[in-house]
Amino acid sequence: MTSVTTEIEIPSSFPADKVFKVFSDFDTIAPKINPDVFKSIETIEGNGGVGTIKIFTFGDAVPFTSGKYKVDAVDPSNCSYTYSFFEGDNLMGILDSITNQIKIVPSADGGSIFKQTIIYNCKGDEKPSEELLKIEKDIYEKTFKGIEAYGIAHPENY
């Protein structure tokens, strides 16, 4: 089995715990700030913790309609969250799963760095195209910046 890994690092002027708290509301915020990508995100099993299963319904800006994922790990004290897509057309028929590892680490200036590792676990030798990987990376970066801006605009919630 082959895998492809993409790394994203985005600096933030906000402390790691605040960024994690805002990012923890991803399901609510993402469809508001980026509805062309995230039409809806619904919990279909669980309470948000490890083992919870959610379904993404994607918007018109992406070539997929849906993806189902499972929460693999949540660690608020270390500002980390891991989830894996295991079903849906976002797997493109060539992937077994897509694992997203998110960690927000403090930076020396009092802010933080949002780090996301995306691992595309391929069924065989066929891999996602470089073009698709770039589009997805751009979407993740844009979405993070939108979530950060949402947190700034709504400080009473965070």
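Visitor: Where does Met-92 lie?
Guide: Met-92 lies in the loop between E5 and strand E6 (95–106). Helices (H or I, at least four residues) and strands (E, at least two) are DSSP runs, numbered from the N terminus. This is a predicted model, in which local features need pLDDT of at least 70 and side-chain atom pairs count only at pLDDT 80 or more, while totals for chains, interfaces and linings use all residues. Residues are numbered from 1 along each chain as its sequence is written, and side-chain values use heavy atoms, with hydrogens and water left out.

Visitor: What is the phi of Met-92?
Guide: Met-92 has a positive phi of about 60 degrees, although it is not a glycine. Most residues other than glycine have a negative phi.

Visitor: And is Met-92 buried, exposed or partly exposed?
Guide: Met-92 is partly exposed, because its relative accessible area is 27%. Buried means under 20% relative accessible area, exposed over 50%, and partly exposed in between (1.4 Å probe, protein chains only).

Visitor: What about Cys-79, where is that found?
Guide: Cys-79 is found in the loop between strand E4 (66–75) and strand E5 (80–88). Phi of Cys-79 is positive too, near 50 degrees. Cys-79 has a relative accessible area of 7%, so it is buried.

Visitor: Change of topic. Which residues have the most contacts inside the largest nonpolar core?
Guide: Phe-26 and Phe-56 do, in a core of 42 residues. Helix H3 (residues 130–153) gives the most to this core, with seven residues. A nonpolar core is a set of buried Ala, Val, Leu, Ile, Met, Phe, Trp, Tyr and Cys residues joined through side-chain atoms within 4.5 Å.

Visitor: What is Phe-26 in contact with?
Guide: Leaving aside neighbours within four places in sequence, Phe-26 is in contact with Pro-31, Phe-38, Ile-41, Phe-56, Thr-143 and Ile-147. Contact means heavy atoms within 4.5 Å.

Visitor: Which residues of H2 are buried?
Guide: Phe-26, Asp-27, Ile-29, Ala-30 and Pro-31 are buried in H2. The buried residues of H2 pack against H1, strand E2 (38–45), strand E3 (53–58), E4 and H3.

Visitor: At what angle do H2 and H3 cross?
Guide: The axes of helix H2 (residues 26–33) and H3 cross at roughly 105 degrees and come within 10 Å. Axes are lines fitted to C-alpha atoms, for helices over the stretch in contact, and angles run from 0 to 180 degrees between N-to-C directions. H2 and H3 are therefore roughly perpendicular to each other. Angles under 35 degrees count as roughly parallel, over 145 as roughly antiparallel, 65 to 115 as roughly perpendicular and the rest as oblique.

Visitor: Which residues meet there?
Guide: On the H2 side, Phe-26, Ile-29, Ala-30, Lys-32 and Ile-33 meet Thr-143, Gly-146, Ile-147 and Tyr-150 in H3.

Visitor: Back to H3. Is Leu-132 buried or exposed?
Guide: Leu-132, which is in helix H3, is buried, because its relative accessible area is 12%. Leaving aside neighbours within four places in sequence, Leu-132 is in contact with Phe-64 and Met-92.

Visitor: How far apart are Leu-132 and Val-62?
Guide: Their C-alpha atoms are 9.8 Å apart in space, and the two residues are 70 residues apart in sequence.
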